[in-house]
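Colleague: I have not worked with this model before, and I would like to learn how its features are read. Could you take me through them, giving the general idea before each case?

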Amino acid sequence: MEVPESDVESVWKAGVAVDTKGTNKVEIITATNETIQLRKLESHSGFENLAEPEAITTSGRQTMMRATVLQTIVTGINPLALKSPGVSSNELFLTERVECGPTFDVAPYVLADGYTINLKAIASVIEFLGYAKPTNSVTAFVDGQKQTVPVPLPKFRVREMSTPANLFDGQTLILSGPATSVIQTTKDKVPFLGDLPLVGGLFRSQTETSVRKNLIVLVTVTIVDPAGNRVHSNDELPFNPATIPPQPKNSTPSP
């Protein structure tokens, strides 16, 4: 999810910090606190839920969850357009299909006590931000006519967070990245070419506002049987849910 920077501090008062070094923060909270915090965040203006995936896997098996879309991005000028006779208008630009959106890669291990899960988690989001103002142009031959064409400059933002952590059955891991400026436009970000020789449709200016938001990922782990039912009820857990298990000293867990 994306959360306005001003709303993040309350999340870090709800649980136990595991790692606050560097630009990312890692925390563990109980299932009860996770529900409370999520409801608070959802009620605030500017909250955006990017994805809510679920997955069942076996101990030691890596799993990836995606909530992405393929976007067609204009990446350059067709080299054939740079010399006569050139190309037709619909062949002028080179395009590429880019997978944009959030992905979550996780490798869980149930440890020997049967209650603790070692989690190696990597969360990332790739965003297409539109096109920068062209700084270069080339002479191209389009439909038999010589034209000056701006070179497209697509912009992307890549955010990634990762951590190894130990959680008790039913607890929630929180990953939070530093606040970044999220561009909000009044028009669709997906590019369109317009009618050549204008070409301007691709680089048309947009009304934009910038809001600083933190990327937050919540991961709740639950040990289940082959039928998908919880192995341990809350009454059977031999630990205080407000505590956290000893944390790993390295990033390479052992099955």
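## Reading the model

Modeller: Buried stands for under 20% relative accessible area and exposed for over 50%, with partly exposed in between, using a 1.4 Å probe and protein chains only. The model is predicted, and for that reason local features need pLDDT of at least 70 and side-chain atom pairs count only at pLDDT 80 or more, whereas totals for chains, interfaces and linings use all residues. Residues are numbered from 1 along each chain as its sequence is written, and side-chain values use heavy atoms, with hydrogens and water left out.

Colleague: Which elements does the protein chain have, and in what order do they run?

Modeller: Helices (H or I, at least four residues) and strands (E, at least two) are DSSP runs numbered from the N terminus. Here the protein chain has one helix and 13 strands, and from the N terminus on the order is β-β-β-α-β-β-β-β-β-β-β-β-β-β. Of its 255 residues, 38% count as buried.

Colleague: Where is Phe156 placed, and which residues form a nonpolar patch with Phe156 on the surface?

Modeller: A patch is made of residues with over 30% relative accessible area and no salt bridge, where like charges are joined within 9 Å and nonpolar side chains (Val, Leu, Ile, Met, Phe, Trp, Tyr) within 5 Å. Phe156 is placed in strand E10, and together with Ile126 and Val158 Phe156 makes up a nonpolar surface patch of about 240 Å² of accessible area, a value that comes from the Shrake-Rupley method with a 1.4 Å probe, in which only the protein chains shown count as cover for residues.

Colleague: How many salt bridges does a search of the whole structure find?

Modeller: A salt bridge is a side-chain nitrogen of Lys or Arg within 4 Å of a carboxyl oxygen of Asp or Glu, and the search of the whole structure finds six. One of them joins Glu2 and Arg159, whose closest N and O atoms are 2.4 Å apart. This pair links distant parts of the chain, since Glu2 is in strand E1 (residues 2-4) and Arg159 in strand E10 (residues 154-168), 157 residues apart.

Colleague: Are Glu2 and Arg159 buried or exposed?

Modeller: Glu2 counts as buried at 3% relative accessibility, and Arg159 counts as buried at 8%. Another salt bridge is formed by Arg212 with Glu5, the closest N and O atoms being 3.1 Å apart. Arg212 lies in strand E13 and Glu5 in the loop between E1 and strand E2 (16-19), so this pair ties together parts that are 207 residues apart in sequence. Here Arg212 is partly exposed, with a relative accessible area of 42%, and Glu5 is partly exposed at 38%.

Colleague: With which residue does Arg66 form a salt bridge, and which residues are joined into one network by shared partners?

Modeller: Arg66 forms a salt bridge with Glu99, with 2.9 Å between the closest N and O atoms. Arg66 lies in strand E4 and Glu99 in strand E6, so parts 33 residues apart in sequence are tied together. Glu99 is partly exposed, with a relative accessible area of 32%. As for the network, salt bridges that share partners join Glu2, Glu127, Arg157 and Arg159.

Colleague: How is a pocket read, and how much space lies in the largest pocket?

Modeller: Rolling a probe the size of a water molecule over the atoms shows where empty space is left. The largest pocket holds about 1,300 Å³ of space, and of the 44 residues that line this pocket, Pro53, Glu54, Ala55, Val219 and Thr220 are the closest to its centre. On a 1 Å grid over the protein atoms alone, a pocket is an open set of points where a 1.4 Å probe fits, with protein on both sides within 12 Å along at least five of seven lines, and lining residues have an atom within 4 Å of a point. Points are joined across faces, edges and corners, and the volume is the space filled by probe spheres set on them.

Colleague: Which element supplies the largest share of the lining of the largest pocket?

Modeller: That share, seven residues, comes from E6.
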